[in-house]
Amino acid sequence: MKRKDFFKGAALGIISLPFAIKTCGGQNVAQDTSTNISGKKYKWKMVTTWPPNFPVLGEGCSLFAKWVKEMSGGRMEIKVYGGGELVPALEVFNAVSSGAAECGSGCAYYWAGIEPSAQFFASVPFGMNAQQMNAWILSGGGLELWEELYDKHNLIPMPGGNTGVQMGGWFRREINSMADLQGLKMRMPGLGGKVLAKAGGNPILIAGGELYTSLERGVIDATEWIGPYHDYIMGFHQIADYYYSPGWHEAGTTLEMLFNKEKFNALPEDLQAIMRAAAARLNIWMLSEFEAKNTLYLKKILAESKVQIREFPQDVLNQLKQYTDEVVAEVVASDDFAKKAYESYNNFRNEAVEWSKLTEKVFYNKIQM
Ligand code: CA
């Protein structure tokens with residue numbers, strides 16, 4: 001078809017559709033999409049890894065429940081539990097898998113001990129940003145792999161938000177070279193922590209509630225958290241002098257919704273569709289909320305404290321990237337599925353980087369300087 005004809009046809013298609021429906025022998029030829037909606041009511045439990053009502057992440061779960069209730073006309077009610085309220089935060093995966101709760105919210109890197117490749121569906125240091133993660137998961141084959149990985153655990157995963165690029169963390173002293181990472185006691189979970197250990201640092205896992213005091217008393221020298229909004233609430237700007245960018249360890253962490261597969265598949269089709277629609281809405285809501293709140297709270301941090309913003313030196317980042325490659329290679333070597341999942345992740349990343357070099361990168365460098 002010639003290009004001109006294509007556009008002509010496309011335009012006709014849009015305009016003529018309603019007439020075709022009305023005038024075909026006086027009958028409605030539009031497909032009947034009505035279903036028998038039963039009045040059966042469902043009451044589900046959602047367990048989460050977040051503290052109760054945790055800003056954005058916990059709030060998003062409550063919104064998910066609200067949207068599902070609205071869309072289902074009240075047929076589906078979901079009660080949301082914060083971490084520790086029904087099951088401990090890190091038991092969410094098992095609780096949803098067993099059916100103790102019908103659904104859950106968390107982040108796939110929490111399940112690295114159960115499935116090493118789960119963390120590729122959350123965040124890889126020096127990996128993809130939010131836009132690229134959504135593209136890989138939703139349009140690049142990532143979700144199919146994620147579903148395959150969780151299937152044997154009786155789970156259905158869906159992307160349920162993204163933090164965007166995080167900050168590199170709060171430091172009580174400057175990082176000018178790799179030597180400054182030697183012996184650095186820093187709260188740094190997951191793959192990022194393993195990278196820090198290779199760099200001679202001392203990654204320490206501390207619960208959120210104890211982080212402020214630990215940093216204030218010098219039990220740790222540094223901590224990563226999320227970004228300006230959550231970091232401001234934690235008060236780190238009151239006790240650390242340097243706020244580093246970028247969050248090389250979490251360039252765009254995907255949050256996840258988990259559904260018990262049997263319970264989900266037993267739902268009427270319209271309720272399944274409602275769940276998927278609500279998860280998709282949550283996915284974009286969280287990213288938008290992070291972007292808007294971080295923008296606002298960065299300004300507040302700068303206005304209300306003497307914190308100095310720093311960027312990690314390029315040679316430090318280059319070295320950390322090398323250690324990341326080693327750490328990822330170890331994960332890939334430990335597990336067959338991890339090899340398959342990372343191959344898909346990495347191929348997509350490499351191609352997306354070429355595209356963004358030509359577009360986003362030029363845009364940021366030359367337009368949004
Ligand atoms: Ca973080």
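These legends accompany close-up views of a predicted model.

**Figure 1. Protein donors around the calcium ion.** Gln-166 (OE1), Glu-224 (OE), Glu-224 (OE), Trp-225 (O) and Glu-250 (OE) are the protein donors. They lie 2.2 to 2.9 Å from the ion. Along the chain, the donors follow the spacing Q-x57-E-W-x24-E. Gln-166 sits in the loop between β4 (155-162) and β5 (169-171), and Trp-225 in the loop between β8 (222-223) and α8 (228-234), so this pair ties together parts 59 residues apart in sequence. Both Gln-166 and Trp-225 are buried.

**Figure 2. An open sheet of six strands.** The strand order is β7-β6-β8-β5-β9-β11, with mixed pairing. β7 (202-204) and β11 (308-311) are the edge strands, each pairing on one side only. Within the sheet, β5 and β8 pair in the antiparallel sense over two bridges. Trp-170 stands opposite Thr-223 in β8.

**Figure 3. Thr-213 in helix α7.** The helix spans residues 208-216. Thr-213 has a relative accessibility of 27%, so it counts as partly exposed. Pro-55 is 158 residues from Thr-213 in sequence. The C-alpha atoms of the two residues are 20 Å apart in space.

**Figure 4. The salt bridge between Lys-43 and Glu-77.** The model has 14 salt bridges in its count. In the Lys-43 to Glu-77 pair, the closest N and O atoms are 3.6 Å apart. Lys-43 belongs to strand β1 (residues 42-48) and Glu-77 to strand β2 (residues 76-81), so the pair ties together parts that are 34 residues apart in sequence. Lys-43 is exposed, at 65% relative accessible area. Glu-77 is partly exposed, at 33%.

**Figure 5. The salt bridge between Glu-115 and Lys-152.** The closest N and O atoms are 3.2 Å apart. Glu-115 lies in the loop between β3 (103-106) and α4 (130-139), Lys-152 in the loop between α5 (142-151) and β4. The pair links distant parts of the chain, 37 residues apart. Glu-115 counts as buried at 7% relative accessibility, whereas Lys-152 counts as exposed at 58%.

**Figure 6. The salt bridge between Glu-330 and Lys-198.** Here the closest N and O atoms are 3.0 Å apart. Glu-330 lies in helix α11 (residues 314-334) and Lys-198 in helix α6 (residues 190-198), distant parts of the chain 132 residues apart. Glu-330 is partly exposed, with 44% relative accessibility. Lys-198 is also partly exposed, with a relative accessible area of 30%. Salt bridges with shared partners join Lys-198, Glu-326 and Glu-330 into one network.

How values were computed. Residues numbered from 1 in each chain as written. Predicted model: local features only at pLDDT ≥ 70, side-chain atom pairs only at ≥ 80, totals over all residues. Heavy atoms only, no water. Donors = N, O, S within 2.8 Å, 3.2 Å for Na, K, Ca; no water. Helix = DSSP H or I, 4+ residues; strand = E, 2+ residues; numbered from the N terminus. Buried < 20%, exposed > 50% of the residue type's maximum accessible area, 1.4 Å probe, protein only. Pairing = 2+ DSSP bridges. Salt bridge = Lys/Arg side-chain N within 4 Å of Asp/Glu carboxyl O.
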